[in-house]
Amino acid sequence: MHDFNAVGETYVRFMKYYPRSDDEESKTNSVWLKGHTDFGSITILWSQPVSALQILSPDGKWRWVRHVENALVINAGDAMEFLSGGFYKATIHRVIQPPSDQRGYTRLGVFYFAIPDDDVRLVPMSESPVLQKHGIRRRFEDSEAPTAEVWRKGRTAAYGQSNLKKAEENGVEEEYINGVLVKHYN
Ligand SMILES: O=C(O)CCC(=O)C(=O)O
Ligand SMILES: [Fe+2]
């Protein structure tokens, strides 16, 4: 599934966030990267001291991911949710302006995005006794489940391009990618 010799797009990203002006912050509501899920299986983030990453908790509150020295933060992604039949939910996370005592620093991010090999079909591992015990939630009929390649290309192509429709109730932006509802949380 994550075979070193197979074709796929597992990658490492190194990213620097520079402090923004008050004008930029007010135009973007202090959101640096909108709420989203990553599309691979897991993402490994090196914990680093300038807080900015938040996750959306099931109670609807955004919570800071606290820095722990030398720790790794692991996010489950879409592929993990599909393969585990919903047992592991893709983490909804965002990046916002750091708390006031940490503003003014350049923030470094180092991320490892593990993505299943291109030819892996994202169907639940229904032979797993754990999933059988907890129940399997399918997002697609197995016959229509996308491969990792189709899913990652769909999600990548959609970045910044699609016309997002604001959902009436809560202001969450939504789009369909290969028949699956993808949400962007502000
Ligand atoms: O900067 C961060 O801590 C997270 C970045 C992120 O979520 C992403 O690049 O997908
Ligand atoms: Fe992310």
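Modeller: Gladly! Helices (H or I, at least four residues) and strands (E, at least two) are DSSP runs, numbered from the N terminus. This is a predicted model, with local features needing pLDDT of at least 70 and side-chain atom pairs pLDDT 80 or more, while totals for chains, interfaces and linings use all residues. Residues are numbered from 1 along each chain as its sequence is written, chains are lettered from A and ligands numbered from 1 in the order written, and side-chain values use heavy atoms, leaving out hydrogens and water.

First, the setting. An unreviewed UniProt entry lists residues 8-116 as "domain: Fe2OG dioxygenase"; such annotations may be inferred rather than shown by experiment. Over residues 8-116 the chain is 11% helix and 39% strand, and its end C-alpha atoms lie 7 Å apart.

Now to the ligand. Around ligand 1 (a heavy atom within 4 Å) you will find Arg 13, Tyr 17, Leu 33, His 36, Asp 38, Leu 45, Leu 53, His 93, Val 95, Arg 107, Phe 111 and Phe 113. By class, seven of these shell residues are nonpolar, two polar and three charged; here Ala, Val, Leu, Ile, Met, Phe, Trp, Tyr, Cys and Pro count as nonpolar, Asp, Glu, Lys and Arg as charged, and the others, Gly among them, as polar.

An N or O atom in the side chain of Tyr 17 is 2.6 Å from one oxygen atom of ligand 1. For His 93, a polar side-chain atom lies 3.0 Å from a ligand oxygen, and the side chain of Arg 107 also places an N or O atom 3.0 Å from one. Alone, ligand 1 exposes 300 Å², and the protein buries 95% of that (Shrake-Rupley method, 1.4 Å probe).

Which strands supply the shell? β1, β2 (31-36), β7 and β8 each give at least two residues, with β8 giving the largest share, three. β8 belongs to an open sheet of four strands, ordered β1-β8-β3-β6 with antiparallel pairing; β1 (11-17) and β6 (72-76) are its edge strands. Pairing here takes at least two DSSP bridges. β3 (residues 42-46) meets β8 (residues 107-114) through four bridges, and Phe 113 is the bridge partner of Thr 43. As for β7 (residues 93-96), three bridges join this strand to β4 (residues 53-56), again antiparallel, with Gln 54 partnered by Arg 94.

How values were computed:
A polar contact is a pair of N or O atoms within 3.5 Å; within protein, one must be able to donate a hydrogen and the other to accept it, and residues adjacent in sequence count only if both atoms are side-chain atoms.
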